[in-house]
Amino acid sequence: MSAGRRAGVSDRRRRVATEPLPTELIEVEVGPVAHGGHCVARMDDGRVVFVRHTLPGERVRARVTETGPKFWRADAVEVLDASPDRVPSVWPEAGPGGVGGGELAHVRLDAQRAWKSAVLTEQLARLARIDREVPVDGVPGGDDDDGLGWRTRVSFVADAEGRLGMRKFRSHDVLALESMPLMSEELAALGLLDRRWPAGVVVDAVAPAGGDTPVVLVDGQPFDLRRGRVDPRPNARTAVREVVGDWQYRVAAAGFWQVHRQSAGTLVDAVLSGVGEAGTVLDLFSGAGLFSLPLADRVGESGRVIAVEGEARAVKDARRNAHDRPQIELHQGDVGQVLRSLGSVGAVDAVVLDPPRVGAGREVVRSVAALAPARIVYVACDPAALARDVAYLVDEGYTLGDVRGYDLFPMTHHVEAVAVLAR
């Protein structure tokens, strides 16, 4: 996942309802899961309703939260017939009417993975015309906490009374939190939710899995928790050290990095396995160099890793991280434009694609395919984008080999996937 994935919700998604919201609850029979963290239901008149906080096969009463000409959205607020996969929510504040980021907290952990597998499988079938059941695996060390305590990075907003919280789902309104069970023990120990803050400030905190000291930022500025104020020193820490296996990275605390404590290592292993033996590798949407360093060690001193990233802060970190590996060539800029400007790069054995949530897109796929790499390893955080780009690659003469999902975001609908395509 590249730095660009932190883009906010578009205005399109915040469209105004086209008709008044019903004042009464609706009763529906819940159908299959759909991409986005909800299930599909139909009312007696045939209207489609996307319902959150429910499970397939349940009968629920739901509060309509958004209306439109094509479908409605709703939150299940009363369960009449419960699924055997339902459990008491581990984070009620992310329930109906609550914050985003915990929409599967009412689902048993193995059923969450089955849910995500169903979404990946359905998107591949619908958008790429590929019938393939996609397994979703947990991560090493991820099951001991029942899907809790995995986040090494959190972001909160202070409400009008100075209490930290998060925004409600599809809303700008801030809901003050008493708990955030997904954050790591190191972050919880900072006591951020117990303090009062200036109204409206954004508080970001990072506690790297490798044991580096946590960093707290307030509106992007380093914050001294002990003194309770922004740290004015020019050398105040704004970066952290991340350790992934044999590799170490310096990453801006406000920059992008995988949030699950085990996700970086899990994805590095999957990418190296997919790439296999190679002499020249393109690492596109390369971020701070998560894959670039292991790939450089894979190709050796006689090989090449051509890394391309658009976000300036990430490239700055990548240059520091890659300073002792001359086989890494770093390019900053739009991936499509850089690919066109590179000209002939010679034979390319493999390409690693780790695009933002919107995917790589047809033009980047065409540019990659024109280089005729034997293998393409695609790292995706959005099932629909993965399926669309796989379809483009199939059109360019590639065949989908192994594809597997990884549950790097327990209690949410998000899932990471790694697909390997061969020419």
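Helices here are DSSP runs of H or I with at least four residues, strands are runs of E with at least two, and both are numbered from the N terminus. Before we go further, please note that this is a predicted model, in which local features need pLDDT of at least 70 and side-chain atom pairs count only at pLDDT 80 or more, while totals for chains, interfaces and linings use all residues. Residues are numbered from 1 along each chain as its sequence is written, and side-chain values use heavy atoms, with hydrogens and water left out.

Let's stay with H7 for a moment. Its buried residues are Val364, Val365, Ser367, Val368 and Ala369, where buried means under 20% relative accessible area, exposed means over 50%, and partly exposed lies in between (1.4 Å probe, protein chains only). An α-helix has 3.6 residues a turn, so residues three or four places apart point the same way. The buried residues of H7 pack against strand E16 (280-284), helix H6 (335-342), strand E19 (350-353), strand E20 (375-380) and helix H8 (383-395); contact here means heavy atoms within 4.5 Å.

Gly300 follows H4 and has a positive phi, near 80°.

Five of its five residues are buried, so E3 is largely enclosed by the rest of the structure. In a regular strand the side chains alternate between the two faces of the sheet. In E3, Val48, Phe50 and Arg52 point one way and Val49 and Val51 the other, and all are buried.

What does E3 pair with? Strand E2 (residues 38-42) joins E3 in the antiparallel sense over four bridges; two strands pair if DSSP finds at least two bridges between them. Within this pairing, Ala41 has Val49 as its bridge partner. E2 and E3 form a hairpin with five residues between them, and Gly46 in the turn has a positive phi of about 90°. E3 also runs parallel to strand E5 (residues 71-81), to which five bridges join it. There, the bridge partner of Arg52 is Asp75.

Finally, step back to the whole chain. It holds eight helices and 22 strands. Its radius of gyration is 22 Å, close to the 22 Å that the globule rule gives for 423 residues, so the chain is as compact as a globular protein of that length; the radius is taken over C-alpha atoms, and the rule is 2.2 Å times the number of residues to the power 0.38. Along the principal axes, the C-alpha atoms fill a box of roughly 70 × 60 × 40 Å. Of the 423 residues, 53% count as buried.
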